[in-house]
Amino acid sequence: MPGLRRRSALLGAPPTRCGGPGLTSRAVTTSGSPAEPAEFRAAVEAMNSAQVRADIELGPIRPPQRLAPYSYAVGAEVVHEDTGVVAEQSEGDAFGRLILLFDPEGDEAWNGTMRLVAYIQADLDAAVASDPLLPEVAWSWLVDALESRHEPLNALGGTVTATTSVRYGDIAGPPHAHQLELRASWTATSVELATHVEAFCEVLAYAAGLPPAGVSQLRTLGGK
């Protein structure tokens with residue numbers, strides 16, 4: 001799977017690595033309307049100010065154009081350490097996108113003017129994929145990440161899906177592949193969306209099996 005940098009380039013939006021200062025204003029790509037509402041611009045600026053861990057690459061991607069009058073989107077991908085050695089079993093991919101939909105007139109189904117739509121996909125090992133509690137645990141990651149930041153929201157809903165693929169014949173890749181997909185949406189009640197982006201990236205880190213931020217993974221003896 002191509003990385004976020006390549007995917008963003010194909011979409012015409014330069015990615016930005018965020019681990020401290022957040023996205024820069026030069027990286028902002030919105031709906032292109034010459035008269036974007038001030039509330040929408042403030043929400044986008046807040047998303048760009050999110051502080052995420054250094055091993056998650058975050059950058060703007062092309063947003064959907066017909067779901068709402070105004071939209072903005074960021075893509076995120078876990079960046080694995082490049083050791084120069086190809087492991088026998090490479091680390092899995094984990095990536096996602098968070099889309100802001102804004103309708104100044106409000107939407108009855110949203111119960112507000114700003115809807116956030118999240119998608120996360122992560123490769124899993126067989127042991128984790130076979131856990132029957134995986135969907136409930138993955139959904140709790142999102143609920144806990146949002147609630148812990150005490151930013152008001154409503155109408156949270158979504159799905160969690162665990163899939164297993166088996167490859168046959170002349171096709172590259174491992175014979176068995178396991179993936180987690182989380183799809184969710186919720187309505188933000190203020191333009192302070194940095195915490196929503198940070199919560200989204202926290203869930204991505206959980207799905208990827210990353211250690212807590214600031215903690216290095218232990219290596220086996222001999223550095224293997």
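**Strands and their partners**

I began with strand E2 (residues 56-61) and strand E3 (residues 70-78), which pair in the antiparallel sense over six bridges; helices (H or I, at least four residues) and strands (E, at least two) are DSSP runs numbered from the N terminus, and two strands pair if DSSP finds at least two bridges between them. This is a predicted model, in which local features need pLDDT of at least 70 and side-chain atom pairs count only at pLDDT 80 or more, while totals for chains, interfaces and linings use all residues. Residues are numbered from 1 along each chain as its sequence is written, and side-chain values use heavy atoms, with hydrogens and water left out.

Within this pair, I found that leucine 58 has alanine 76 of E3 as its bridge partner. I also noted that E2 is mostly covered, since six of its six residues are buried (buried means under 20% relative accessible area, exposed over 50%, partly exposed in between, with a 1.4 Å probe and protein chains only).

**The chain as a whole**

I listed five helices and seven strands, which from the N terminus on run α-β-α-β-β-β-β-α-α-β-β-α. Of the 224 residues of the chain, 41% count as buried.

**The core**

Which residues touch the most other members of the largest nonpolar core? They are Met47, Leu98, Leu100, Leu180, Trp186, Leu193 and Cys201, out of 49 residues in that core (a nonpolar core is a set of buried Ala, Val, Leu, Ile, Met, Phe, Trp, Tyr and Cys residues joined through side-chain atoms within 4.5 Å). Among the elements that give two or more residues to this core are helix H2 (38-48), strand E7 (176-188) and helix H5 (194-208), and H5 gives the most, with nine residues. Apart from this core lies another, of six residues, including Ile61, Ala68, Ala73 and Ile99.

I then looked at tryptophan 186, which touches, among others, Leu98, Met114, Leu142, Leu156 and His196, not counting residues up to four places away in sequence (contact means heavy atoms within 4.5 Å).

**Helix H5**

Is H5 enclosed or open to the outside? Eleven of its 15 residues are buried, so H5 is largely enclosed by the rest of the structure; the buried ones include His196, Glu198, Phe200 and Cys201. Just after H5, glycine 209 takes a positive phi of about 75°.

**A buried glutamate**

Lastly I turned to glutamate 151, found in the loop between helix H4 (134-147) and strand E6 (153-166). Glutamate 151 is buried yet has no salt bridge, the nearest side chain of opposite charge being arginine 149, 9.1 Å away (a salt bridge is a side-chain nitrogen of Lys or Arg within 4 Å of a carboxyl oxygen of Asp or Glu; Lys and Arg count as positive and Asp and Glu as negative, with His and the chain ends not counted). Beyond residues up to four places away in sequence, glutamate 151 touches Leu146, Ser190, Glu192, Thr195 and His196.
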